[in-house]
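Me: Hi! Could you walk me through this model? I'd like to hear about its cavities and one of its sheets.

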Amino acid sequence: MSVKSHVQVAIIGGGVVGCSVLYHLTKLGWKDVLLIERSELTSGSTWHAAGGFHTLNADTNMAALQGYTIQLYKELEALSGQSCGLHHVGGLTLATTPDRMDFLKAERAKHRYMGLETEIVGPNEIRELSPITNVDGVIGALYDPLDGHLDPSGTTHAYARAARLQGADIVLRNRVLELNPTRDGGWQVVTEQGTLSAEYVVNAAGLWAREVGEMVGIMLPCHPMEHQYLVTGDIPEVYERAEELPHAMDPAGESYLRQEGRGLVLGVYEQACEHWAVDGTPWDFGHELLPDKPDRMMDKLVTAYERYPCLETAGIKRIINGPFTFAPDGNPLVGPVPGLRNFWCACAVMAGFSQGGGVGLALAEWMVEGEPSRDIFAMDVARFGDFCTRAFTRAKVRENYQRRFAISYPNEELPAARPAVTTPAYAVWKPQNAVFGSGFGLEHVNYFAPAGEAPLETPTFRRSNAFDSVAGECRAVRTAVGINEIHNFGKYDVTGPGAAAWLAHIMAGRVPKPGRITLTPMLSPKGRLVGDFTIACLRDEHYLLTASYAAQNFHMRWFEDHLPDSGVEVRNMSLRRIGFQIAGPRARELLARVTRTDVCNEALPFLAVRETEVGLAPAIVCRVTYTGDLGYEIYVAPRHQIALYEALREAGEPLGLRPFGMRAMMSLRLEKSFGAWLREYRPDYTAAETGLDRFIDFTKNDFIGRDAAMAERDQPPERRLCAFVVDADDADVWGDEPIWHDDAVAGFVTSGGYAHYVGESVALGLVPRKLAQAGNDFEIEILGDRRRARLIDKALLDPEGARMRG
């Protein structure tokens with residue numbers, strides 16, 4: 001190759017994301033980095049982007065990274081000497097329905113503790129900020145002063161120039177042809193201009209991300225969609241203003257609008273959308289546009305002309321139709337790809353000028369420092385698994401595009417590409433009027449609708465039509481016995497002569513003896529949570545681990561990165577070991593009716609595990625349950641699941657056995673103040689902040705994260721996870737609501753809801769340790785309304801754990 005034969009990092013793709021990764025790696029000190037672009041910088045999606053940027057995102061960490069991206073541009077201009085063409089004009093997101101207003105109030109509440117200065121404005125203020133907006137039917141809007149737009153080409157070149165000034169290299173007009181793994185964990189990068197070796201490869205290929213993925217044998221879940229916007233001619237109401245107009249998003253009209261010189265740019269996310277390049281992106285595509293398809297936009301244009309009447313007399317100067325790449329949920333695909341050594345992704349960044357800086361920062365921190373500075377699971381490539389076929393991806397990408405301006409309800413389950421993955425019990429639950437949800441592609445029961453009612457939950461920010469049904473399921477568990485499927489746990493077999501020593505190193509807690517179970521956090525070197533595990537020792541050298549089902553690729557990647565060369569084997573058993581849990585005061589009586597094993601408290605105590613037969617099936621029985629009641633988890637092979645169910649059903653009917661779903665499960669755990677993965681327990685938090693430090697075995701001298709955990713033991717962190725009883729109305733917390741104390745935001749909610757059996761609205765959240773005193777009064781902002789909340793330091797049900805242990 002004409003430039004280098006070896007580099008530390010090779011980045012494939014010269015769009016805004018690839019250039020951001022290049023810049024951030026050099027900023028963090030890695031100078032031996034090379035960007036390889038098949039054509040010119042900005043070729044692909046970057047050059048024809050509308051160039052808007054905003055902070056609004058349903059995930060708070062994504063919103064924070066978008067805020068970082070926007071605030072980075074002035075630094076880039078100063079460092080590179082290249083103008084980004086910044087227009088910080090602010091932005092309005094309009095609300096025309098009460099539900100949309102609830103959504104905007106919830107977003108504004110999140111922004112309070114994030115330090116983002118957004119505000120809710122009324123029709124009169126909207127008219128003052130944007131006189132061209134017809135506010136008929138508008139209830140209000142969210143105003144964000146950070147919103148704006150920029151020059152896509154100038155910004156990309158600013159990243160590139162700043163990276164070069166810091167030591168990076170860029171090679172243009174040089175397509176990558178092959179990627180071959182080497183024995184040392186690196187990559188041979190074969191290009192048109194020659195071959196080089198790289199310790200790391202980053203796929204930032206944008207429209208060609210799928211093709212680059214195929215070079216290393218993976219199918220990345222992303223797909224391009226056509227997207228159109230139009231540019232108008234001159235409009236007097238625009239160019240006669242002394243100030244530039246703010247951006248405006250009209251979700252009801254599925255459109256966005258901004259000023260462009262003396263006219264306007266109007267973009268739409270139409271329902272009649274189209275996939276592009278279904279069979280692959282042509283390598284010779286670059287600075288072209290796709291044919292205009294104005295008919296596809298017409299219904300949205302009619303709505304836009306009503307919202308912005310000045311458009312009626314404006315001529316259309318041109319229509320831009322170009323492809324952008326989306327992941328199934330609309331967030332980027334970032335991080336090391338599970339199953340491959342030193343192959344990373346930074347692709348499917350459909351909002352590159354809102355997210356590109358944050359993506360580059362997160363990836364560079366992860367690569368250079370070993371972990372990003374915040375939890376970025378919302379864009380981690382490991383959040384998807386092999387259920388993401390090409391057809392699944394296309395269906396979800398289309399759904400996401402069509403819902404670009406839809407309200408994201410916290411209880412909503414989207415219908416596209418379902419059911420994708422099911423267990424045998426799916427056919428048992430469906431005739432019982434089950435209302436299903438989906439996680440990591442797998443169907444699970446949320447609740448059971450009453451007979452004669454459609455099995456659909458109403459999407460809402462308030463209490464839904466599921467409320468009474470969930471209450472009944474909770475009562476059955478607390479007063480008799482309930483049955484719930486346990487397929488949606490991640491499950492792993494750890495075996496081999498080195499298994500115990502490896503678990504002692506990778507887990508912060510104790511490793512159990514044969515027949516026993518322990519609970520343990522798994523920590524990063526910096527002491528942040530990367531897992532919340534149950535470990536059951538079936539016998540010497542054989543352990544069963546359970547954790548979050550949705551995190552299985554995330555956890556398998558962590559396991560593989562820390563495995564020794566020999567002596568330990570880890571197998572993902574998540575769908576090869578399924579079954580049911582039974583929970584409630586009559587659970588032991590039910591289990592005794594279907595097994596010959598002695599299940600009395602002395603023979604099968606709390607946190608014990610046994611291999612036995614239940615009904616006709618060989619099973620693993622764990623004396624543990626997330627409900628906080630007397631309960632058992634019973635694991636079998638999929639071929640035995642129906643036989644197990646029939647045995648439990650027949651024996652349980654006289655005992656009042658009732659099935660319950662995940663909505664009831666999440667209500668029951670609140671009565672015990674139990675946390676949940678990616679809510680209370682996530683890589684943003686430490687064990688000491690969340691109370692998981694009580695499971696750490698500090699007598700061990702060598703476990704990952706020990707130094708950081710010891711430091712927090714000696715000097716407790718400033719914040720602490722606490723539980724609150726909330727004086728709620730018809731809406732409970734979901735997560736990310738601000739917690740107020742003495743008229744100032746003191747913390748935030750991690751999750752919560754209604755605890756049906758005890759009849760209380762409950763919130764879990766992080767507040768300063770100095771305020772974490774039982775009985776202290778707080779307020780929690782729910783949909784713009786500050787509700788009184790009282791901190792509690794004991795579980796609302798059975799604080800001593802007698803039911804669970806008895």
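Predicted model: local features only at pLDDT ≥ 70, side-chain atom pairs only at ≥ 80, totals over all residues.

Me: How many cavities of 30 Å³ or more does the search find?

Reply: Four, over the whole structure. A cavity is a set of points on a 1 Å grid over the protein atoms alone where a 1.4 Å probe fits but cannot get out, and lining residues have an atom within 4 Å of a point. Points are joined across faces, edges and corners, and the volume is the space filled by probe spheres set on them.

Me: What volume does the largest cavity have?

Reply: About 60 Å³. Its lining includes Trp429, His444, Phe448, Glu485 and Met662. Strands E20 (442–448) and E21 (481–485) each give two or more residues to that lining; strands are DSSP runs of at least two residues (E), helices of at least four (H or I), numbered from the N terminus.

Me: And the sheet: which order do the strands E22 to E26 take?

Reply: The order is E23-E24-E25-E22-E26, an open, antiparallel sheet of five strands; two strands pair if DSSP finds at least two bridges between them. The edge strands are E23 (517–523) and E26 (569–572).

Me: How many bridges join E22 and E25?

Reply: Seven, between residues 489–495 and 542–548. Tyr492 has Leu545 of E25 as its bridge partner.

Terms used:
Residues numbered from 1 in each chain as written. Heavy atoms only, no water. 1 Å grid on protein atoms, 1.4 Å probe; cavity = no way out; pocket = protein on both sides within 12 Å on 5 of 7 lines; lining within 4 Å.
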